[in-house]
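This report covers a strand with its neighbours, and then a ligand site. Please view the sequence and structure first.

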Amino acid sequence: MKRIIFIFTFFFIIFLFTGMTVPAQEVNYDESKVPEYTLPDPLVMENGEHITSPKAWWNERRPEILKLFEENVYGKVPGKLQHITFHTFSVDSKALNGLATRKQVSILFTGNNSGTGMDLLIYIPNTGKEPFPAFLGLNFYGNQTIQSDTGIKITRSWVKNNKAYGITNHQATEASRGARAYRWPVEMILKQGYALITAYYGDIDPDFDDGFQNGVQPLFYKKGQHKPAPDEWGSIAAWAWGLSRALDYLETDPDIDAQRVAVMGHSRLGKTALWAAAEDQRFALAISSMSGCGGAALSRRRYGETVERINTSFPHWFCTNFKKYNDHEDSLPVDQHELIALIAPRPVYISAAVEDRWADPKGMFLAAKYATPVYRLLRKTGLPENAEMITGQPVMGTIGFHMRPGKHDVTNYDWQQFLIFANKFLKNYF
Ligand code: GCU
């Protein structure tokens, strides 16, 4: 009898540990296993006070949410660089068979060529009238990968190895030209009357965990500081900071209308685009392509990538404080619908793909939906009422959303929707 009780107890304990919940490290793709959760209300202050006017949103709740994201998720930018300069190093008025003028501009973070900096690649339509509205987005492998245009400077920064793209020993080569052109339909964008500006994200901060010794962070260290404080920026916030510096330059360029710049990014750079637009209200519109966890997807759903997974695989992306929420999503003082709400009343577009379950399409749709009360308070539509997540049927209010068939990527279909959405807000402006 004793033995039976022992065996029973033994298996019961094992059952308790394994059978009842999804173990922390296992990926959940089962909607029925999404835990119950309560989201923080973007219109209720931490002290319980209800926000019922735009004024209270702007003066009280928005600054509160922004600070919570800065201190707990992405990290604060520690200050300002005093000596940034812009240096235009190449202009070709007959680029892309005469379709565009190509400019390349270095943003020198220390004011000279010896320090770190980022190179902007700028295409401006040759037909139409300046100043043009524009899309601004970071790229993954260097500016030279977005077009086979041989005039584009090849990045000299550290790049993730990719043999197929001609990148070995972390250095891009001639073979990498145009490797990612399929993700950047430059002609289509230019022909619709937009300028396109891109920069390589690794120019700002190389995307690997080196304890923040390279990239832009060390330029901000105080005496004796060797890494960002727990509430100071990780790489995503640094990349977003770089996007704002690109916008600083665009404000000086008479060919571009800096008040009509859409910030766009895919995946980790979609997270970055959203954070950039939240932090910097000069961005007129934001486009998040499949940004998932830490982007447009609700963390509390723990569907696909979770906070613990992302912090483990990419320990340098968020601030150190974010690690406190590994497997403790419910104690996060914010969730990602509030990241979208921070962009209100400006338009935001969110894309998803059926096979990209890792990025939790439904979690992104719900975040759009739960950001909507803030848009409504500011007298904008947000996600249209009764919007549904139906494959291949984009919805476009002030918040737009689509889920297309296929995988985690940026396709022509995605860009077509981004352009339709941008046309609603950035064209016919005057
Ligand atoms: C990984 C990561 C995602 C990220 C993606 C990307 O899949 O887990 O969070 O969005 O890389 O940037 O490509």
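Strand β8 (residues 256-266) pairs with β9 in the parallel sense over 5 bridges. Strands here are DSSP E runs of at least two residues and helices are H or I runs of at least four, numbered from the N terminus; two strands pair if DSSP finds at least two bridges between them. The bridge partner of V263 in β9 is A286. From β8 the chain passes through helix α6 (residues 268-279) to β9 in a right-handed β-α-β crossover, that is, clockwise from the first strand over the helix to the second with the strands pointing away from the viewer.

The model is predicted: local features need pLDDT of at least 70, side-chain atom pairs count only at pLDDT 80 or more, and totals for chains, interfaces and linings use all residues. Residues are numbered from 1 along each chain as its sequence is written, and side-chain values use heavy atoms, without hydrogens and water.

β9 also pairs with strand β10 (residues 348-353), in the parallel sense over 4 bridges, and I287 stands opposite Y349 in β10. Because 5 of the 5 residues of β9 (residues 285-289) are buried, the strand is largely enclosed by the rest of the structure; buried means under 20% relative accessible area (1.4 Å probe, protein chains only). L285, I287 and S289 point one way, A286 and S288 the other.

Residues around the ligand (a heavy atom within 4 Å) include E305, F314 and H408. Polar contacts are pairs of N or O atoms within 3.5 Å.

| Side chain | Distance to a ligand oxygen atom |
|---|---|
| S267 | 2.7 Å |
| R268 | 2.5 Å |
| W358 | 2.9 Å |

The protein covers 81% of the 320 Å² of accessible area that the ligand has on its own (Shrake-Rupley method, 1.4 Å probe).

Technical notes. Buried < 20%, exposed > 50% of the residue type's maximum accessible area, 1.4 Å probe, protein only. Polar contact = N/O pair within 3.5 Å; in protein donor to acceptor, adjacent residues only side chain to side chain.
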